[in-house]
Amino acid sequence: MKTKKNRPPLVVDLQVTEFCNLRCKMCYFWGDKGCFATNPKEKTNILDINLISRLIGELGETAHFSLFGGEPLTYPHLEDLIRMVKEKGYHINTPSNGTLLDKHAEMLVETGFDLMRVSIDGTQEINDLQRGRGSYDKAMHGLECLHQEKIKAKAKMPGIELLYTITPDTYLAVEEFFLKDLDLSKIDSVTFQMENFITKDMGLAYAKMVKEEFGITSDSYWRGMLRSPEHFKSIDMNELTRQTCKVQNYLKDHGKAVRILPPTCSRDNFFAYFNAEWNSMIDRYSTCRIPWVSVEVTASGDVAPCHIFYDLTFGNLYERSLNEIWNGEMYNKFRTYLRKNGLMSICNGCCILYL
């Protein structure tokens, strides 16, 4: 059967390594309930730099790369990867816990890296509770090093975005961190991310679908996302909303771009989200464009259509080309499934949906 040819993906997420130097409590990979923590790995995978080079050669004139992990700054071929991407004129960014940023700051400025997205979740006490002792000081030091390297080189790049994950441990520190602790001159933008999660019913429905439609029985990744709404009961939704909306306005008044995921800053919206009452949310979606414009490559070379949910994959780049997989029968079958059925059961727990 002749398969439909799709445009090459515009966005490529590369999980360059599974390794991470932190054990953040809420992390779906290495956290308390993460897939790697509950199913320990003897050896973490890293993506072959030669495979990445071949992948870059298959893309179109425009592409946007986002690195992923684990912790991307631990990737041993980081500078070579960045230079390959920038030589093609592509955009490249990465999230990072920031603790190794001081070691890479000069290189990131010199190579013209586009955007560094640093995760800090509140004051020193709160951040270290969630991400581990010493992580706050190291991340703040890394931000300072990158800021100073940009000044030294008279460079605007990389842009610096701060990622703040809202959890039961961190929601009360939003106001104090942004209004008292943070020097806004060192950052360009902020994203507030409500903790991603799916319920057991959502996960089981997803597992049933991928088995029936694609013959896949892997369940380690989606299980790392499981949370009960009871986990979030301690969050005072009125206080979360007050602090988040106040800081959102404060940042905008100071010329900083702000993004909230999900986007609507309201008590009812946050309440519905954290109670898994997805149909009651203000931010409701019926479709997702990601499988037509974006692709995920895991550290083991698997090609996945969805971010984080790496149980569902359609081929491996060590065995087949990206074009073969992207235009293959399985990928197109998945796109057809979404056209017919709309979102999957797990989609409301995915941060990418709210972008």
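**Close-ups of a predicted model**

At 30% relative accessibility, Arg83 counts as partly exposed, where buried means under 20% relative accessible area, exposed over 50% and partly exposed in between (1.4 Å probe, protein chains only). This is a predicted model, so local features need pLDDT of at least 70 and side-chain atom pairs count only at pLDDT 80 or more, while totals for chains, interfaces and linings use all residues. Residues are numbered from 1 along each chain as its sequence is written, and side-chain values use heavy atoms, with hydrogens and water left out.

**View 1. Arg83 meets Glu79 in helix α3.** The two side chains form a salt bridge at 2.9 Å, N to O; the term means a side-chain nitrogen of Lys or Arg within 4 Å of a carboxyl oxygen of Asp or Glu. Arg83 and Glu79 sit four residues apart in the helix, so about one helical turn separates them. Glu79 is partly exposed too, with a relative accessible area of 35%. A search of the whole structure turns up 19 salt bridges.

**View 2. Glu144 reaches Lys186.** Here the closest N and O atoms are 2.3 Å apart. Glu144 belongs to helix α6 and Lys186 to the loop between α7 (174-181) and β6 (189-194), so this pair ties together parts that are 42 residues apart in sequence. Both are partly exposed: Glu144 has a relative accessible area of 24%, and Lys186 comes in at 23%.

**View 3. Arg242 pairs with Glu239 in helix α10.** Their salt bridge spans 2.9 Å, N to O. They are three residues apart in α10 (residues 237-253), so about one helical turn lies between them. Arg242 is partly exposed at 38%, and so is Glu239 at 21%. Salt bridges with shared partners link Glu175, Glu239, Arg242 and Lys246 into one network.

**View 4. Nine strands make an open sheet.** Helices (H or I, at least four residues) and strands (E, at least two) are DSSP runs, numbered from the N terminus, and two strands pair if DSSP finds at least two bridges between them. The order is β7-β6-β5-β4-β3-β2-β1-β8-β9, with mixed pairing. β7 (257-261) and β9 (303-304) are at the edges with a single partner strand each, so one side of each has no neighbour in the sheet.

**View 5. β1 runs parallel to β2.** Five bridges join β1 (residues 11-15) to β2 (residues 64-68). Gln15 has Phe68 as its bridge partner in β2.
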